Amino acid sequence: MLPIVDKPTIQYIIEEAVQSGIEDIIIVTGRNKRAIEDHFDKSIELELLLQRTGKQEMYKIVNDISTMVDIHYVRQKEPLGLGHAVLCAKKFIGHEPFAVLLGDDIVDSEVPALQQMIQKYNQVQAAILGCHEVPAADVTKYGIVQYDQCVNELYNVNRLVEKPSVKSAPSTQAIIGRYILPPEVFDLLEGVAPDKKGEIQLTDALDQILQYQSVYSYIIKGNRYDVGDKFGFLKASIEFALKRPELKDQLQLYLNQLVKNLRN
């Protein structure tokens, strides 16, 4: 729920999904996350107040939030890892392919990141991992892809390495918070052994899928922000604010003056 300018981070994620053609969204929440449900719920009292006071533009924003898409919620009772969070949605998804979007990653792009991946999925009908190239020094923070060829912007994945050392990393192609997965991943997740922290890792299930299905990685076009990182959050806040006509000039003046003061 951390705001980027004037919208919570998760709203950027939901808007990306909607713009990509997704009609039903399942949000996996944990304890003390009721604010997420409240944000996307309809607020009759607020809408009536905005209409009565003539704040039509604000009314439209509030109304659009509650009507943009059908959102369902499932509670992850314990923080047992990404794989477990995905598994919590099994009975709602059934036997259809599905997308996973993590709330820490925002992608600013002309074509929504998930829409780019859906276009690629339609070509191969197989799992797609959304990736970005990262500096070699940062591979220890991500799941890293080992691949053997690239055709039509899709890399054929043959191994996934979770947070390797700089020396052992097979590439600098890092999985970010976007996946399109087949329903078979649920059965595999149910059999995955927890790691040393007691967490079920999605990467372990994807490694097993590789034994009998093709998995592809795709370098998402756009600027990616890791808002779970302090500097990434600051970058996103500044760069998204600079895209706002009502804020751009004032913010540029402030930043220029700030840089000038730091140099003196």
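**Lys 221 and its partner**

I began with Lys 221, which I found to be partly exposed, with a relative accessible area of 43%; I keep in mind throughout that this is a predicted model. Its side chain meets that of Glu 153 in a salt bridge, at 2.7 Å from N to O. I then placed the two residues: Lys 221 is in the loop between strand S11 (215-219) and strand S12 (223-226), and Glu 153 is in the loop between S8 and S9, so the pair links distant parts of the chain, 68 residues apart.

I next looked up what else Glu 153 touches, and noted a salt bridge with Lys 120, in which the closest N and O atoms are 3.0 Å apart. Lys 120 lies in helix H7 (residues 113-124), while Glu 153 sits in the loop between strand S8 (143-151) and strand S9 (154-162), so this pair ties together parts that are 33 residues apart in sequence. Buried or exposed, I asked of Lys 120? Lys 120 is buried, because its relative accessible area is 7% and the cut-off for that class is under 20%. Glu 153, at 38% relative accessibility, counts as partly exposed.

**Other salt bridges**

I wanted the total as well: how many salt bridges does the count come to? The count comes to 10. One of the others joins the side chains of Arg 244 and Glu 246, at 3.5 Å from N to O, and Glu 246 counts as exposed, at 52% relative accessibility. I also recorded a network in which salt bridges with shared partners join Lys 90, Asp 187 and Glu 190.

**Helix H11**

I checked the length of helix H11 (residues 245-263) against expectation: at 1.5 Å a residue its 19 residues should span 27 Å, and its end C-alpha atoms are 28 Å apart, which agrees. I then looked at Leu 258, which is found in H11 and counts as partly exposed at 35% relative accessibility. As a reminder to myself, an α-helix has 3.6 residues a turn, so residues three or four places apart point the same way.

**Positive phi values**

Gln 125 has a phi near 50°; it is found in the loop between H7 and strand S7 (127-133), and at 52% relative accessibility Gln 125 counts as exposed. Lys 163 has a positive phi of about 45° and lies in the loop between S9 and strand S10 (173-181), where it is partly exposed, with a relative accessible area of 49%.

**Aromatic rings**

How many aromatic pairs does the structure hold? I have 4 aromatic pairs written down. Tyr 147 counts as partly exposed, at 33% relative accessibility, whereas Tyr 155 counts as buried, at 18%. Elsewhere in my notes, ring pairs link Tyr 12, Tyr 225 and Phe 240 into a cluster. I also looked at what lies over the face of Tyr 12, and found Lys 7 there, at 4.5 Å from the ring centre.

**Gln 201**

My last entry concerns Gln 201, which lies in the loop between helix H8 (184-191) and helix H9 (202-209). At 17% relative accessibility, Gln 201 counts as buried. What separation do the C-alpha atoms of Gln 201 and Glu 162 have, I asked, given that the two residues are 39 residues apart along the chain? I recorded 9.3 Å for that separation.

Methods:
Residues numbered from 1 in each chain as written. Predicted model: local features only at pLDDT ≥ 70, side-chain atom pairs only at ≥ 80, totals over all residues. Heavy atoms only, no water. Salt bridge = Lys/Arg side-chain N within 4 Å of Asp/Glu carboxyl O. Helix = DSSP H or I, 4+ residues; strand = E, 2+ residues; numbered from the N terminus. Buried < 20%, exposed > 50% of the residue type's maximum accessible area, 1.4 Å probe, protein only. Expected span 1.5 Å × (residues − 1). Phe/Tyr/Trp six-rings, centres within 6.5 Å; stacked < 30°, edge-to-face > 60°. Lys NZ or Arg CZ within 6 Å of the ring centre and 35° of its normal.
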